[in-house]
Amino acid sequence: MAQIASSSRVKAFFGARLPILQAGMGGVAQPELAAAVCEAGAFGMIGLYRHTLDEIGLLLAQTAALTGARFGVNLVPFVLDADALLERLAFLADCPERPIVTFFGLPGAPVLRALPAGMEYGVQAGTWDELQAAFDAGARFGVLQTTEAGGHHLGSTARAQALDQAARHDVDKRMVFISGGISNPVELRQVMQAGFSGVLCGTVFAATRESAAHERYKRAIVNATPGDTVVTDRFSVGWHTHRHRVIRNASCKESLPASVIGSANYFGKRYPILRYSVAVPTVHTEGLIEDMALYCGTSCKDTHSIRTVRQVLADLTA
């Protein structure tokens, strides 16, 4: 059977021969991961979360030095006010790399009205209505997140339900991707046959060699089954508006003091990590790694070892 490939529309816009977007996971999706995904034929993104302009400039330059392909960035409107978000968007619009922007969640109307001219962006949403609003506002592509996804949840639609509803929402007439637990070629083909342009994946890339996730976090994903994950609101320090799917750990099972359980060193600054923080453990993190937010989707079912990005994509598109 032929390898699963991008449509001409997806290939022209993203420059990706494979119909797979890598999620811009904060802390985990750093230049090495994004570049490796691009070099292997899919579309990579770096997660910006609350990074400063100087940090963003450095991350963009580092990614561009590792790949000549176009790449993306992910911004989270829920953790930045409108002014801070627009400041970052203006910076991105003027930078030489000109990355494609993805918003995790639909930005507010003031931001959408003031977007830099010509900015190419997409929106990850949790409902069909939000997805339609994003296209109405000028988004070039959209991602419908389902409840099988790891990390913060934007809605309550299961993947089977989304596939059933795809035709009535004309997903084949524009670039609509789906995310949530997709981890093998059978599932990817089902998505494409339903009319979606492709998929957005996070967990399968978090457990790769190129990922900036902490080694013990990667091992936790590899050892997990979907039954080991839980949708909870426990990890809310720093982002309290959404529930999230994580690997069940001590922080999920019992109420413990929100004391410091570790620290992270980013760009020469040391940050304490509280129990119940949204901060994901990365290569820059020390402390009680197993008690931190171990975001993980049901795609852990097919993640049995720490592989390279190229191996993950080969298995996913076979």
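Trainee: Where does Val 111 lie?

Mentor: Val 111 lies in helix α5, which runs over residues 109-113. Bear in mind that we are looking at a predicted model.

Trainee: Okay, and why is Val 111 called buried?

Mentor: Set the value against the cut-off. Val 111 has 3% relative accessibility, and buried means under 20%, so Val 111 counts as buried.

Trainee: Which residues does Val 111 touch, leaving out those up to four places away in sequence?

Mentor: Ala 82, Leu 85, Leu 86 and Leu 89. For a sense of scale, take Gly 195: Val 111 and Gly 195 are 84 residues apart in sequence, and their C-alpha atoms are 30 Å apart in space.

Trainee: On to rings. How many aromatic pairs turn up in the whole structure?

Mentor: The search finds 11. Take Phe 103 and Tyr 121, with 5.7 Å from centre to centre and 70 degrees between the planes.

Trainee: What makes Phe 103 and Tyr 121 an edge-to-face pair?

Mentor: Two checks. Centres have to lie within 6.5 Å, and here they are 5.7 Å apart. Planes over 60 degrees apart count as edge-to-face, and these are at 70 degrees. Hence the name edge-to-face.

Trainee: Which strands does that pair link?

Mentor: Phe 103 is in strand β4 (residues 100-104) and Tyr 121 is in strand β5 (residues 121-125). The two are 18 residues apart, and the pair links distant parts of the chain.

Trainee: How do you know whether Phe 103 and Tyr 121 are buried or exposed?

Mentor: Same test, with buried meaning under 20%. Phe 103 is at 0% relative accessibility, so Phe 103 counts as buried. Tyr 121 has a relative accessible area of 3%, so Tyr 121 is buried too.

Trainee: Then why is the pair of Trp 128 and Phe 196 called stacked?

Mentor: The angle decides. Planes under 30 degrees apart count as stacked, and Trp 128 and Phe 196 have 25 degrees between their planes. Their centres are 6.4 Å apart, against a limit of 6.5 Å, so they pair. Trp 128 sits in helix α6 (residues 128-136) and Phe 196 in the loop between α8 (185-193) and β9 (198-201), so the pair ties together parts 68 residues apart in sequence. Both residues are buried. There's also a cluster, in which ring pairs link Phe 13, Phe 14, Phe 43, Phe 141 and Phe 177.

Trainee: What does the side chain of Asn 74 reach?

Mentor: The backbone oxygen of Gly 24, at 3.2 Å. Beyond four places in sequence, Asn 74 touches several residues, including Ile 46, Tyr 49 and Phe 103.

Trainee: Now charges. How many salt bridges does the count give?

Mentor: The count comes to 10.

Trainee: What makes Arg 270 and Glu 286 a salt bridge?

Mentor: The N to O distance is 2.7 Å. The limit is 4 Å between a side-chain nitrogen of Lys or Arg and a carboxyl oxygen of Asp or Glu, so the pair qualifies. Arg 270 is in strand β13 (residues 269-274), Glu 286 in strand β14 (residues 285-287).

Trainee: Why does Glu 286 count as partly exposed?

Mentor: Its relative accessibility is 48%. Buried is under 20% and exposed over 50%, so a value in between makes Glu 286 partly exposed.

Trainee: And how do you know that Arg 275 and Asp 291 meet in a salt bridge?

Mentor: N to O is 3.1 Å, and the limit is 4 Å. Arg 275, with a relative accessible area of 9%, is buried, and Asp 291 counts as buried at 16%.

Key
Residues are numbered from 1 along each chain as its sequence is written. This is a predicted model: local features need pLDDT of at least 70, side-chain atom pairs count only at pLDDT 80 or more; totals for chains, interfaces and linings use all residues. Side-chain values use heavy atoms; hydrogens and water are left out. Rings of Phe, Tyr and Trp (its six-membered ring) pair if their centres lie within 6.5 Å; planes under 30 degrees apart count as stacked, over 60 as edge-to-face and the rest as tilted. Helices (H or I, at least four residues) and strands (E, at least two) are DSSP runs, numbered from the N terminus. Buried means under 20% relative accessible area, exposed over 50%, partly exposed in between (1.4 Å probe, protein chains only). A polar contact is a pair of N or O atoms within 3.5 Å; within protein, one must be able to donate a hydrogen and the other to accept it, and residues adjacent in sequence count only if both atoms are side-chain atoms. Contact means heavy atoms within 4.5 Å.
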